[in-house]
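Visitor: Hi, I've got a structure open and I'd like to talk it through. Can you help me find my way around?

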Amino acid sequence: MTNTKSVTYPAMPTLRRRHALALLGAAGFALRTAPARAAAVEKSVKLAPGLYELVVSTTTGLVHVASTGPRGADDAKILGLDPRTLEVRSTIELGANTAFGLGVNDSTGMLFGTGTRKGRVLAIDLRTGKVKTEIGEGENNHPRQVVVDEARNRAFVSNFGFREKPSAVWVVDTAANTLASVITEGLEGGISGLTHDPAGDRIFVAALQTNEVVEVSLARRAGVRRFASGGDGPINLAFHAASGRLFCTNQKSGQLAVLDAASGQPVKVLETGAGALAVTFSTDGALAYVTNRGAGTVSLVDTRALTVLASLQTGTHPNTVAVDRRTGLAYVSNKARSAPRPAQGQPPAPAPEDPNGDTVSLIRA
C-alpha cells in the first residue's frame with residue numbers, strides 16, 4: 001500500500017548527562033547531580049506542509065513526524081529525521097491516508113497514527129515502511145490521540161465524538177493490531193487528550209466541553225470519576241507517577257494546571273502562554289515541556305517546584321514535544337499559519353509564506 005524511500009537508519013546515539021534535577025522514588029524529592037545549564041533551541045529545520053505529532057523510535061533510531069501535506073492534496077507522509085541533524089532519513093508515503101497523532105510500540109516495531117479524517121488508526125510496520133492494517137469501529141469516528149502501553153501490548157485512542165456519535169476510548173491490541181474494546185460509559189463532554197497510569201490500571205482523559213478531567217477504570221471499562229480541569233478548555237494531560245499528579249493543559253485560558261490525581265484538587269495553576277496545548281515530561285520527570293500554540297513558545301516547567309523556568313521561541317504554532325529517552329533531547333513540531341478555508345465549491349487558497357512554520361525544533365535542556 002505504501003513504501004519508504006529510505007530505510008537506512010543511523011547508529012543509536014550514546015547517552016548524555018542527565019538533567020540537573022532528578023526525581024527520586026515515591027517521595028519525589030530532588031537531588032542536584034550536575035551544574036544547571038540553560039535550555040536552548042539548538043536548531044530548527046523546515047520540512048513539509050501540515051506537520052502534526054512526532055515520536056522517537058528506538059526501532060529506527062529516528063524522530064518520526066506526521067505531515068498531512070498541502071490542503072486539498074493527497075500527499076500525506078511520515079518523515080523519519082536524524083535525531084542530531086534533523087535531516088530526513090526516511091519517508092513513509094501515505095497519500096490520502098492522512099495521519100495526525102502518532103504513538104510507537106518499539107517492542108513490536110509498529111507505529112500507530114490516528115487517521116482522523118477516515119476515522120481509523122493506521123498500524124505501520126517501521127521496518128518496511130508499509131501500512132499493515134487499519135483499525136476502527138463503525139462510522140463517524142474522530143480519533144485524535146494514541147498512547148501506547150508497551151508493557152501490556154496495547155494502545156489507547158481518544159475519540160472526540162462526531163455526528164451524534166458519543167466520545168469514546170478505543171483499546172487496541174498492539175500485538176494482534178485489532179480493536180480489543182470500546183469504552184463510552186461516563187465519557188460525556190468531548191474527549192480530547194488522554195494519559196495512562198500503568199500502576200493504577202487507569203487512564204485520565206480531558207473533557208474539553210465541560211472543563212473536566214475524567215478518570216477511566218480499564219478494569220470496569222468506564223469513567224468512574226470527574227473533577228475540574230483547573231482552567232478553561234482542557235486539551236491534553238500527562239500523569240506524573242512520582243508525585244501522583246496530573247499536568248493538564250487548558251488551551252483557552254493558556255494555563256498548565258497541576259492536579260492531585262487522588263483527590264482531584266488543584267495543586268497549582270501556571271500561566272504558560274496563549275493556547276497551551278501539549279505537555280510532555282523529560283526523561284527523568286524533572287521537567288515538563290508545554291507547547292503554547294498561540295504564543296509560539298515551549299515552556300519548561302520544574303515539576304517539583306512548579307515554576308516556569310523558561311519559555312523558548314520555537315516556531316509559529318508549537319504542536320507537540322517528543323523526548324528521546326536515551327539522550328534527553330526534546331523535539332518540537334511547529335505548524336505553519338494556514339490559509340482561510342475556501343468557500344464551498346472554491347479551490348483552496350495557497351498557504352501564506354511562513355518561514356517559522358512546518359518546522360521541527362531540537363531543544364537541549
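Visitor: Let's start with one residue. Is Y52 buried, exposed or partly exposed?

Guide: This is a predicted model, so keep that in mind as we go. Y52 has a relative accessibility of 23%, so Y52 counts as partly exposed. Buried would need a value under 20%.

Visitor: Okay, and which class does F100 fall into?

Guide: F100 comes out at 13% relative accessibility, so F100 counts as buried.

Visitor: How many aromatic pairs are there in the structure?

Guide: There are three aromatic pairs. In one of them, the ring centres of Y52 and F100 are 4.8 Å apart and the planes sit at 80 degrees, so that pair is edge-to-face. The cut-off for that label is an angle over 60 degrees.

Visitor: Where do Y52 and F100 lie along the chain?

Guide: Y52 is in strand β4 (residues 51–57), while F100 is in the loop between β7 (88–95) and β8 (102–105). The pair therefore ties together parts that are 48 residues apart in sequence.

Visitor: What about F247 and F281, how are their rings arranged?

Guide: Their centres are 5.2 Å apart and their planes are at 90 degrees, so F247 and F281 are an edge-to-face pair. F247 belongs to strand β21 (residues 245–250) and F281 to strand β24 (residues 276–281), so this pair ties together parts 34 residues apart in sequence.

Visitor: And are those two buried or exposed?

Guide: F247 and F281 are both buried.

Visitor: Let's zoom out. How many helices and strands does the chain have?

Guide: Zero helices and 30 strands. The chain has 365 residues, and 55% of them count as buried.

Visitor: What share of the contacts join residues at least 24 apart?

Guide: If you take contacts between residues at least 6 apart in sequence, 47% join residues at least 24 apart.

Visitor: And how much accessible surface does the chain have?

Guide: About 15,100 Å², and carbon and sulfur atoms account for 50% of that.

Visitor: Which way do β8 and β9 run, parallel or antiparallel?

Guide: Antiparallel, with four bridges joining β8 to β9.

Visitor: How many bridges join β9 to β10?

Guide: Six, and β9 and β10 (residues 120–125) also run antiparallel. Here T114 has V121 in β10 as its bridge partner. That hairpin has four residues between the strands too, and G119 takes a positive phi near 70 degrees.

Visitor: Last one. Where is S107, and which residues does S107 touch?

Guide: S107 is in the loop between β8 and β9. Leaving out residues up to four places away in sequence, S107 touches E150 and N153.

Technical notes:
Residues are numbered from 1 along each chain as its sequence is written. This is a predicted model: local features need pLDDT of at least 70, side-chain atom pairs count only at pLDDT 80 or more; totals for chains, interfaces and linings use all residues. Side-chain values use heavy atoms; hydrogens and water are left out. Rings of Phe, Tyr and Trp (its six-membered ring) pair if their centres lie within 6.5 Å; planes under 30 degrees apart count as stacked, over 60 as edge-to-face and the rest as tilted. Helices (H or I, at least four residues) and strands (E, at least two) are DSSP runs, numbered from the N terminus. Buried means under 20% relative accessible area, exposed over 50%, partly exposed in between (1.4 Å probe, protein chains only). Contact means heavy atoms within 4.5 Å. Accessible areas come from the Shrake-Rupley method with a 1.4 Å probe; for residues, only the protein chains shown count as cover. Two strands pair if DSSP finds at least two bridges between them.
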